[in-house]
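Please find below a colleague's note on the model under review.

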Amino acid sequence: MSILLSEEFTFIVQGITGREAVNLTRECLDYGSRVVGGVTPGRKGREVHGVPVFDTVQQVADAVGYVPNGSVVTVPPAFTKDAVFEAIEAGIELIVIVTERIPRRDVAEMVELAGMRGARIIGPNCLGLIVPEVCKMGGIGGPAKDAAKAYAPGAIGVMSRSGGMTTEISSTLTAAGLGQSTAVSIGGDAIIGSTYAELMPLFEADEQTEAIVIYTEPGGRMEAQLAEWVKDNRSRLPIVAFMAGRFMDSEEMKGMSFGHAGTIVEGAEDTATEKIARLEGAGIPVVERIDEIPDAVKEKIGVTA
Amino acid sequence: MRFYEYESRRIVERAGIPVTRYGFCTTAEAAREVAAEIGGPVVIKSQVLTGGRMKAGGVKFADTPEEAAEHAAAILDLAINGHAPRGVLVDPKAEVAQEYYASVIWDGTVKRPMMLFSDMGGIDIEEVAASHPDHVGRGHLSNLLPVSDFHAKQVIARTGVTGSELTRATPILARLARLMRDCDMTLAEINPLARLDDGSFVALDAHMEMENEAKPRQKELLEELGIEAQDTREPYEPSDFERNVKAIDAADHRGVIQGKDHGFSGNLGLVIGAGGGSLTLTDAVRSQGGKPANYTEIGGNPSVAKACGLAKEVLRKDGVEKIAVMMSIVSNTRVDIVARGVIKACLELGRDPAETIAVFRIPGAWEEEGEKILRRYGVEYCDRSVSMWDAAGRAVAKIQEGT
């Protein structure tokens, strides 16, 4: 099993005729994902790597005879909210938002509507998610042959605020003989559709998953939220965390953001030091090196290295 | 982006929140005129983008226009925390009966705006929340429904405020909430919000911060305030390195490069990426005793020219002896293109790539081609079997050998 995706999972790409979206569509098809349609207003009748393009999400649903399960949204920031609203109102249940630099107000509106309609958003500013050898939804891992190098099926759930580091961590796990159940690039913005704590119940319910690895950064309260969740819900899943951006705690870096928009430190709880203390307080070890992750996981799940 | 107090006051004023009749001045003479016009005791406040004005001597009271001019002259010359003031604000000294606190901020966990109100204004709200939690009211807003006055009323009533105080403060907090949403603020704060002797409420100070991502759609407001596009309000002046990297990035639409060197002054130049990878690698260099000369991010498959331009800027920095070219596994950015770029940079600056590039660790797309190019110039290539930590460690060891 896995979370969110399966072999039967179908999805569309909104903004499919954009340069990045064309590549992403090719990569997902090559990996075996079922991309059943694309949307770019005014481009109905075209094809992208054999995927038919429509003007509206509803047209895709009418053409294939069902509402696809998901949508990858890769349209410019000013148009993202409208595209996501369209997907939600068409009945799509899983929406991956790739676009960066979307104002928080728009993200919050999309997330609230998704909540009302029972849909889930991953991102924005993310690379999507992958269930190794089953389905890749988004640019995560890159071209199919590269994704196959980094990701292998297994028992570890991966969640990361950095798209690139999702692949780096998974590749490190794969090399150590630890495959992944599902790897999710959750996005680097201050407000995102699905936080660690919000995805935990899904991993918890997934029989295949035996442990969780997270990549974390300064900024926001997402790590504190996870620490609280772990304390409140006697989770069966051990978690290992990696914290990047420790250098941002130094005095001269105050008020600056690095890497992702969400790394801006807005409160005393947002710093790397504070987060490490909170995670460790909840029994989540925070390693200093990516290459320490596999042993830390093996120790937790009782596999000898 | 943070606004000056005089701009923040204009923002709350246009949202229908009363403010005192203030004047923004850039000369002592103008301050004298405004004080004369107000015709009574005034307060002169430094207009800087930093806190702690009062302590630093950036806020002074005057009884006469002459005194106001004197104080204005002194404050205009006074840098606070390294920030030169943009001007002074001359404000009538208000007859305050009580001070309150009102703000609307994002609650990232709940993913909704949150209103905060306290009847203990004028001081740091975090202090009040810790010492007198019953004097702080909180309440979340829907992102989709309009803000209704009752939302604000509930929050204020939670602090025990009632009577005409409650009915007069309610529309102010509701308007603040609407402006926070309409103007894409990440922080909309009035502290203190004052009740005057006649029972009316005015904003005596305001602090507004707008989300950078929303600036394009808030152009009208920014124009109205006279804020120019190049006025980015960074917490510090950009360095030559930062300016040059920005120019190189803007000259070519392919890929994205960023560079920062504020707070860095080491001998190891970093040509690194992507977002999370750069954070991880900067930590790895510092934790192993290395001294980064800068921070960079490469992403989105830049051209050879862009990678070359970035590497050159890093190499030209004072004190840089070697560069480390490192990224987390790439799937979009091409290894061979970055390799070409950094080698070109070395050659054009008359440096031997094998000597100059301490380590090259970028696994992923087009890595075989990248490795071939690097070998030709005697640069060792590290693939994914060399961890990010070990790659950073090798770079640090090489630069320490040389010194």
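1. Basis of the note. This is a predicted model, in which local features need pLDDT of at least 70, side-chain atom pairs count only at pLDDT 80 or more, and totals for chains, interfaces and linings use all residues. Residues are numbered from 1 along each chain as its sequence is written, while chains are lettered from A and ligands numbered from 1 in the order in which they are written.

2. Chain A, overall form. Chain A contains 10 helices and 14 strands; helices (H or I, at least four residues) and strands (E, at least two) are DSSP runs, numbered from the N terminus. The radius of gyration of chain A is 19 Å, close to the 19 Å that the globule rule gives for 305 residues, so chain A is as compact as a globular protein of that length. That radius is taken over C-alpha atoms, and the rule is 2.2 Å times the number of residues to the power 0.38. Along the principal axes, the C-alpha atoms of chain A fill a box of roughly 55 × 40 × 30 Å.

3. Chain A, interior. Of the 305 residues in chain A, 56% are buried. A residue is buried if 20 or more other C-beta atoms lie within 10 Å of its own, exposed if 12 or fewer, and partly exposed in between, with C-beta atoms placed from the backbone. Among contacts in chain A between residues at least 6 apart in sequence, 72% join residues at least 24 apart; a contact requires C-beta atoms, placed from the backbone, within 7 Å.

4. Chain B, overall form. Chain B has 15 helices and 16 strands. A compact globule of 403 residues would have a radius of gyration near 22 Å, but chain B has 27 Å. The C-alpha atoms of chain B fill a box of roughly 80 × 50 × 40 Å along the principal axes. Buried residues account for 48% of the 403 residues in chain B.

5. The contact between the chains. Chain B contributes 38 residues and chain A contributes 48 residues. On the side of chain B that touches chain A, α10 (275–287), β13 (295–299) and α15 (388–402) each supply at least two residues. α10(B) gives the most, with 10 residues. By class, this side of chain B has 11 nonpolar, 17 polar and 10 charged residues. Here Ala, Val, Leu, Ile, Met, Phe, Trp, Tyr, Cys and Pro count as nonpolar, Asp, Glu, Lys and Arg as charged, and the others, Gly among them, as polar.

6. Helices α10(B) and α15(B). How do these two helices pack? α10(B) and α15(B) pack at an angle of about 45 degrees, with their axes 8 Å apart. That angle makes α10(B) oblique to α15(B). B:Thr280, B:Leu281, B:Ala284 and B:Val285 in α10(B) meet B:Met388, B:Trp389, B:Ala392, B:Ala395 and B:Val396 in α15(B). This contact has eight nonpolar, one polar and no charged residues. Axes are lines fitted to C-alpha atoms, for helices over the stretch in contact, and angles run from 0 to 180 degrees between N-to-C directions. Angles under 35 degrees count as roughly parallel, over 145 as roughly antiparallel, 65 to 115 as roughly perpendicular and the rest as oblique.

7. Helices α8(A) and α9(A). In chain A, α8 (residues 222–232) and α9 (residues 272–281) pack at an angle of about 10 degrees, with their axes 9 Å apart. α8(A) is therefore roughly parallel to α9(A). A:Glu223, A:Ala224 and A:Ala227 of α8(A) make the contact with A:Lys275, A:Arg278, A:Leu279 and A:Gly281 of α9(A). The residues of this contact divide into three nonpolar, one polar and three charged.

Methods
Contact = placed C-beta atoms within 7 Å.
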